[in-house]
Amino acid sequence: MPKNRDAARANLENLYRIFTVPESPDSTLGAIDQAIAADVAGFLQTHIVAIERNLEEIETHFSSAAIPEEPTYVSEYTEFVKTHLVAQSVHTAAPGFVGHMTSALPYFMLPLARLMTALNQNLVKVETSKAFTPMERQVLAMLHHLVYRRDDDFYTPWIHNSQHALGAFCSGGTIANVTALWVARNRLFAPNGEFRGIAQEGLGRALKHRGCDGIAVLVSERGHYSFGKAADLLGLGRDNLIKVQTDDRNRIDLKALREECRRLQDRNILPLAVVGIAGTTETGNVDPLEELADFARELGCHFHVDAAWGGPTLFSDRHRPLLRGIERADSVTIDGHKQLYVPMGAGMVVFKDPTALSAIEHHANYILRYGSKDLGSHTLEGSRPGMAMLVHAGFSIIGRKGYELLIDMGVERAQTFAAMIRQHPDFELTSEPELNILTYRYCPLNVQQALAAAPARQRRVINALLDQVCQLLQKHQREAGKTFVSRTRLRIARYGEELTVLRVVLANPLTTDEILAAILTEQCEIVQQQPEIQALLRQVEDLCAPVEARNT
Ligand SMILES: *Cc1c(COP(=O)(O)O)cnc(C)c1O
């Protein structure tokens with residue numbers, strides 16, 4: 001393709017044009033733009049080709065490390081995007097895509113996101129965001145109110161206070177969790193007499209000052225991997241992220257938690273924070289937050305709740321009681337890009353104490369000056385987009401009652417799907433849904449019965465074979481591209497061992513009971529049609545036969 005044709009040649013006139021001339025509606029990009037505006041669901045449906053998603057093959061189109069020397073036409077580039085990117089991407093909005101936390105978006109998010117890009121505000125400072133700063137501060141106050149339910153008077157002195165921020169808006173739950181623990185760490189080692197605080201003197205001197213040998217964070221074994229990153233980043237070390245055992249409903253075991261704390265004490269390690277999870281990523285369960293709040297108070301440490309997934313449950317009158325105790329947390333993480341139905345890149349953390357974020361306050365001379373209302377003085381990230389507008393839009397347009405409906409529907413759908421799995425002769429439910437996430441696996445009824453009666457060693461062998469079945473089943477289903485569930489490995493209390501299970505997240509309001517039934521039907525078909533899976537199941541049957549014979 002000759003790239004040096006007149007219109008695409010690098011000269012001042014053309015450079016000027018790409019900053020000023022709008023895309024014509026009959027150009028390739030203009031046509032895409034219009035198609036998306038008219039019917040985004042239809043566009044995704046026709047343009048994402050779910051088959052032939054062989055990553056190695058796709059990589060060949062992205063293998064050059066050279067930045068193109070010559071400019072090219074927008075239309076030429078758009079063709080490339082259509083063929084090699086759009087067609088080979090994942091249809092996360094499809095109602096049969098129930099494996100991960102990314103769902104369909106309300107239609108208004110797209111034009112608003114476009115507007116956000118057009119305005120290109122930078123929330124790090126008022127000088128580049130103006131009205132966006134008070135708007136983001138309001139969003140944080142709204143979220144604070146959702147969690148802590150303080151009255152209007154409480155917010156008046158804080159919401160637009162130049163010295164403080166009620167929370168931090170960031171790119172996702174990971175940064176939100178890091179921010180929460182960063183604040184906890186800096187408050188534990190606050191300036192005190194001669195000691196100028198950990199932010200100034202570092203962890204080594206902070207530990208010496210307190211006379212301890214380390215600090216630890218306690219979270220259940222279902223805790224999100226972001227806490228591992230936080231432990232690394234904040235200098236605790238991953239060894240000091242204590243993963244506490246869970247009970248048969250995937251909730252932190254309070255006895256085990258006490259036990260771990262005693263062990264820390266013996267090693268002269270200070271508990272920095274206890275973390276409760278409201279909606280575990282893998283199983284959607286909620287820790288006993290009230291009891292954790294009591295325990296954190298007893299220890300005198302920070303209590304953080306990771307409600308990245310489950311936070312919006314607070315909108316639901318019916319299900320809010322599950323999160324009782326969250327209002328006692330020192331900090332709470334909620335992701336906008338999960339159950340607030342905002343596009344990727346919206347995480348938030350709010351703090352009970354409106355002055356807590358001072359612990360990480362940072363100033364610079366050219367921006368973030370003392371007394372300015374710049375939000376960048378209280379965030380880990382620097383330049384940030386106006387994503388808060390999309391959360392604001394969701395709150396305003398969908399409203400509390402709209403979100404309540406979405407939450408209630410998701411929980412109900414998970415109950416329905418759990419009932420389908422329980423009644424199905426070929427599947428076994430491996431975690432009961434508490435919110436809208438569940439796990440299950442392929443395991444015919446007779447195998448379930450044999451497993452219940454089999455000696456431990458034989459059970460392990462059978463389960464190992466079923467793990468392989470599960471893995472192959474998930475892979476074939478993903479490759480077929482019709483529907484999608486994810487998989488993970490979880491310790492299942494019933495068996496006392498870690499198993500491979502299929503994971504389903506039910507947050508897309510367009511997912512119907514018929515689609516869920518079709519997912520199970522497709523899985524049975526895959527099992528029937530794949531010789532590799534059939535061979536594994538024959539081995540399972542052979543192992544089950546003697547157990548069955550003994551029991552008859
Ligand atoms: C998704 C999730 C996170 C991490 O959020 P990102 O937005 O992916 O960074 C943290 N905790 C829980 C419980 C989550 O579900």
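A polar contact here is a pair of N or O atoms within 3.5 Å; within protein, one atom must be able to donate a hydrogen and the other to accept it, and residues adjacent in sequence count only if both atoms are side-chain atoms. You're looking at a predicted model, so local features need pLDDT of at least 70 and side-chain atom pairs count only at pLDDT 80 or more, while totals for chains, interfaces and linings use all residues. Residues are numbered from 1 along each chain as its sequence is written, and side-chain values use heavy atoms, with hydrogens and water left out.

**View 1**
Start with Lys-338: one of its polar side-chain atoms sits 2.9 Å from a ligand oxygen. Asp-306 brings a polar side-chain atom to 2.6 Å from a nitrogen of the ligand. Gly-173 uses its backbone instead, with a polar atom there 2.9 Å from a ligand oxygen. On its own the ligand has 380 Å² of accessible area, and the protein covers 88% of that (Shrake-Rupley method, 1.4 Å probe; for residues, only the protein chains shown count as cover).

**View 1. The shell around the ligand.**
Count 15 residues around the ligand, the closest being Thr-174, Asp-306, Asp-335, His-337 and Lys-338 (near means a heavy atom within 4 Å). Sort the shell by type and you get three nonpolar, nine polar and three charged residues. For that sorting, Ala, Val, Leu, Ile, Met, Phe, Trp, Tyr, Cys and Pro are nonpolar, Asp, Glu, Lys and Arg are charged, and the others, Gly among them, are polar. Helix H9 (residues 173-188) gives the largest share, three residues. Helices (H or I, at least four residues) and strands (E, at least two) are DSSP runs numbered from the N terminus.

**View 2**
E6 runs parallel to E5 (residues 302-306) over three bridges, and Asp-306 stands opposite Thr-333. With E7 (residues 347-351), E6 is antiparallel over five bridges; there, Ile-334 is partnered by Met-348.

**View 3. The seven-strand sheet.**
Read across this open sheet and the order is E1-E7-E6-E5-E4-E2-E3, with mixed pairing (two strands pair if DSSP finds at least two bridges between them). E1 (167-170) and E3 (241-244) are the edge strands, each pairing on one side only. The twist averages 20 degrees from one strand to the next, using axes fitted to C-alpha atoms (for helices, over the stretch in contact) and angles from 0 to 180 degrees between N-to-C directions. E4 (residues 269-277) has eight of its nine residues buried. E4 pairs in parallel with E2 over five bridges, where Gly-214 faces Ile-269.

**View 4. The four-strand sheet.**
This open sheet is antiparallel, in the order E8-E9-E11-E10. E8 (427-431) and E10 (486-492) each have a single partner strand, so one side of each has no neighbour in the sheet. Neighbouring strands here are turned by 45 degrees against each other on average, direction ignored. E9 (residues 437-442) and E11 (residues 497-505) share four bridges, and Leu-438 stands opposite Val-504.

Terms used:
Buried < 20%, exposed > 50% of the residue type's maximum accessible area, 1.4 Å probe, protein only.
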